[in-house]
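I am opening these notes to keep track of what I looked up, entry by entry.

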Amino acid sequence: MTKSQGDVVRTALAILDEHGAAAVSLRAIAERLGVRMNSVLWHAKSRARLGELMADAIIGGVSLEGLPAGWRERAAEIVRRYRGALLAHRDGAAVVTGTYAAEPATLDVAEALVGALLDGGMAERDAAWTCWSLIYFTLGLTQEEQAAPARFTRELEVGDRPALRRVLPELSVDSFAERFEYGLDRLL
């Protein structure tokens, strides 16, 4: 039975959520769907294309409904929802970070965010670069947060680095939401 591109992407996201990004492959999707690899390749021409489709599906979780009217509040809420969409999937930030998805959902979120920044009176260059700064900041911090249980520890040995030793308590696993809000506020 022929499957759709939507079936391929939904299956890839299910594998992602169950086993993480490393487990997602065209072969694993074909096995899960009970089809030949060629069927999957018909809808996702390559691993890179599959990543783009997955990233756009993840970003498709960003609701653009009911946003605040004020430009700053609207921009902040879009970025908060973007983070929420990344966190809704295991390794969501890693999947999105690894792609350049010029796909509908991703472009819709960028349009809404850039529009809010332009409404705030930013020049075109400032709006574009602030949008990228917000997205890159959110991707990086969220990727660190999603990797935190496996990699992050308060017991980090910094050696003879007194400045790092002083700030280490501020970089706990429990501070991601606060650090996100801090960075969001500073960038806006």
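I began with glutamate 77 and arginine 81, which are four residues apart in helix α5 and therefore separated by about one helical turn; helices here are DSSP runs of H or I with at least four residues, numbered from the N terminus. Their side chains meet in a salt bridge, at 2.9 Å from N to O, a term that I use for a side-chain nitrogen of Lys or Arg within 4 Å of a carboxyl oxygen of Asp or Glu. I note for myself that this is a predicted model, in which local features need pLDDT of at least 70 and side-chain atom pairs count only at pLDDT 80 or more, while totals for chains, interfaces and linings use all residues. Residues are numbered from 1 along each chain as its sequence is written, and side-chain values use heavy atoms, with hydrogens and water left out.

Next I looked up how accessible the two partners are, taking buried as under 20% relative accessible area, exposed as over 50% and partly exposed as in between, with a 1.4 Å probe and protein chains only. Glutamate 77 is partly exposed at 22%, and arginine 81 is partly exposed at 21%. Both residues also belong to a network of salt bridges that links Glu77, Arg80, Arg81 and Glu181.

I then asked how many salt bridges a search of the whole structure finds, and the count is 12.

One of the pairs I looked up is aspartate 119 with arginine 74, whose side chains meet in a salt bridge at 3.1 Å, N to O. This pair links distant parts of the chain, since aspartate 119 lies in helix α7 (residues 104-119) and arginine 74 in helix α5 (residues 71-87), 45 residues apart.

Another entry concerns arginine 179 and glutamate 144, which form a salt bridge at 3.5 Å, N to O. Here too distant parts of the chain are linked, with arginine 179 in helix α10 (residues 176-187) and glutamate 144 in helix α8 (residues 124-151), 35 residues apart. Arginine 179 is buried at 18% relative accessibility, and glutamate 144 is partly exposed at 32%.

My last entry turns to tryptophan 129, which I found in helix α8 and which is exposed, with a relative accessible area of 52%.

How values were computed:
Helix = DSSP H or I, 4+ residues; strand = E, 2+ residues; numbered from the N terminus.
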